[in-house]
Amino acid sequence: MHETTQRDGLVIGVDIGGTKIAAGLVDSTGKVLSQCRVPMVAREGASNALVAVTQAINVVSTNAKATGTMHLIRGIGICCPGPLDSKAGVILNPPNLPCWRNFPLAAELAHRYGYRVRVENDANAAALAEMMWGAGQGCRDIFYATIGTGIGTGIVVNGRLYEGRTGAAGEGGHLSIDYKGPICGCGKRGCIEAFASGPAIARRARAKLEDHPESRLLELARGETDDLSCEMVGEAYTMGDSVAVETIRETVSLLAFWLGNVIDLLDPEVVIIGGGVSSMLQPLFAEISAGLPESCVNKRCQEIPLVPARYGNDAGIVGGAALCSEKMTASS
């Protein structure tokens, strides 16, 4: 298997965040052979940010040289927060990457390293990786969601990423489920992200505490309600705390309502959930699925499996590799 993998080529996957960059060497089976993490300097200008990215790539390249696999590298795939233009490889104006505005990242890296380079929204790339090597293997139509600080989604249709006319499709985290709901960070009202992301779950629990001073959540937060986190809500839920239980039950209903709309629109073969909040939600997947019929026109909605993502912290690295692996397959 290892020899076949080497003949098939390797890809450098890079996951760019607001505070860190993760990069790794990935083989054609989606296995991360080596990786590193370096700080991201998101507020010190475009050139300094580019230096941080090249530093991570150089570490991976050095590891490849040490193992005699440098000549097998076929491309660089970049996962990055949007907005971005994936077709042109340009970073437009991500809020947490103020260093880059209309920055041609793909062209800069291609010129520097001589490899083909692809840049994509992180959730889109993770969806592709899950189809190729993860929880969606064998499926051609996938809806992927990562639930964490925000909610990002990716759509795969007939084995290919669905990006829409301008490349901006797939923003499922900003589907509104209540036009009078709270204002989301994107500016719209009632987005699912404003209800069911990690911070939103904590915020809804915090709002209930005034009427429930006996809640274990106050103890976990050491009396500082502003410090209440989603993780604390999950911990209190396992203790049977009434506020946490009510908050999590609401979250189950909200996600079922949202996914019901998604299923009616896309009718995917599988729904894959990843991200930092997914481990807390995983024991509740069956309950979310049970709530789908009330929110779906599709009478066969419960035939669609709701499954955890394979890739956790490595989703960005492997997602980046999937972008180039897809391109190599398409061009072969």
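The model is predicted, so local features need pLDDT of at least 70 and side-chain atom pairs count only at pLDDT 80 or more, while totals for chains, interfaces and linings use all residues. Residues are numbered from 1 along each chain as its sequence is written, and side-chain values use heavy atoms, with hydrogens and water left out.

Start with the open sheet. It has 5 strands in the order S3-S2-S1-S4-S7, with mixed pairing. Strands here (E, at least two residues) and helices (H or I, at least four) are DSSP runs, numbered from the N terminus. Two strands pair if DSSP finds at least two bridges between them. Strands of a sheet pair through backbone hydrogen bonds, either parallel or antiparallel.

Which strands stand at the edges? They are S3 (32-39) and S7 (116-121). Each has a single partner strand, so one side of each is left without a neighbour in the sheet. Neighbouring strands are turned by 15 degrees against each other on average, direction ignored. Axes for such angles are lines fitted to C-alpha atoms, for helices over the stretch in contact; angles run from 0 to 180 degrees between N-to-C directions.

Helix H3 (residues 105-113) touches strand S1 (10-16), strand S4 (73-80) and S7. Its direction makes about 155 degrees with that of S7. Helix H4 (residues 122-133) touches S4 and S7, and its direction makes about 110 degrees with that of S7. Contact means heavy atoms within 4.5 Å.

Look at H3 in detail. Its buried residues are Leu105, Ala106, Leu109 and Tyr113. Buried means under 20% relative accessible area, exposed means over 50%, and partly exposed is in between (1.4 Å probe, protein chains only). Seen down the axis of H3, these residues fall within an arc of 95 degrees, so they line one face of the helix. The arc is that of the directions from the helix axis to the C-beta atoms. An α-helix has 3.6 residues a turn, so residues three or four places apart point the same way. The buried residues of H3 pack against S1, helix H2 (46-66), S4, strand S6 (90-91) and S7. Just after H3, Gly114 takes a positive phi of about 80 degrees.

Now turn to strand S11 (residues 270-274). How many of its residues are buried? The count is 5 of 5. Both faces are covered: Val270, Ile272 and Gly274 lie on one side, Val271 and Ile273 on the other. S11 runs parallel to S8, with 5 bridges between them. There, Thr146 has Gly274 of S11 as its bridge partner. S11 also pairs with S12 in the parallel sense, over 3 bridges. In that pairing, Ile272 stands opposite Val307 of S12.

Next come the aromatic rings. A search of the whole structure finds 2 aromatic pairs. Trp100 and Phe103 are stacked, at 5.3 Å centre to centre with 10 degrees between the planes. Trp100 is buried at a relative accessible area of 0%, and Phe103 is buried at 11%. Phe143 and Trp258 are edge-to-face, at 5.8 Å and 70 degrees. Phe143 lies in strand S8 (residues 142-147) and Trp258 in helix H9 (residues 242-266), so the pair ties together parts that are 115 residues apart in sequence. Both of these residues are buried. Rings of Phe, Tyr and Trp (its six-membered ring) pair if their centres lie within 6.5 Å; planes under 30 degrees apart count as stacked, over 60 as edge-to-face and the rest as tilted.

Finally, the charged pairs. There are 8 salt bridges, each a side-chain nitrogen of Lys or Arg within 4 Å of a carboxyl oxygen of Asp or Glu. Asp314 pairs with Arg37, the closest N and O atoms being 4.0 Å apart. Asp314 lies in the loop between strand S12 (306-308) and helix H12 (315-331) and Arg37 in strand S3, so this pair ties together parts 277 residues apart in sequence. Asp314 is partly exposed at 23% relative accessibility, and Arg37 is partly exposed at 42%.

Lys208 and Glu250 meet at 2.7 Å, N to O. Lys208 lies in helix H6 (residues 198-208) and Glu250 in helix H9, so the pair ties together parts 42 residues apart in sequence. Lys208 and Glu250 also belong to a salt-bridge network with Arg204 and Glu246.
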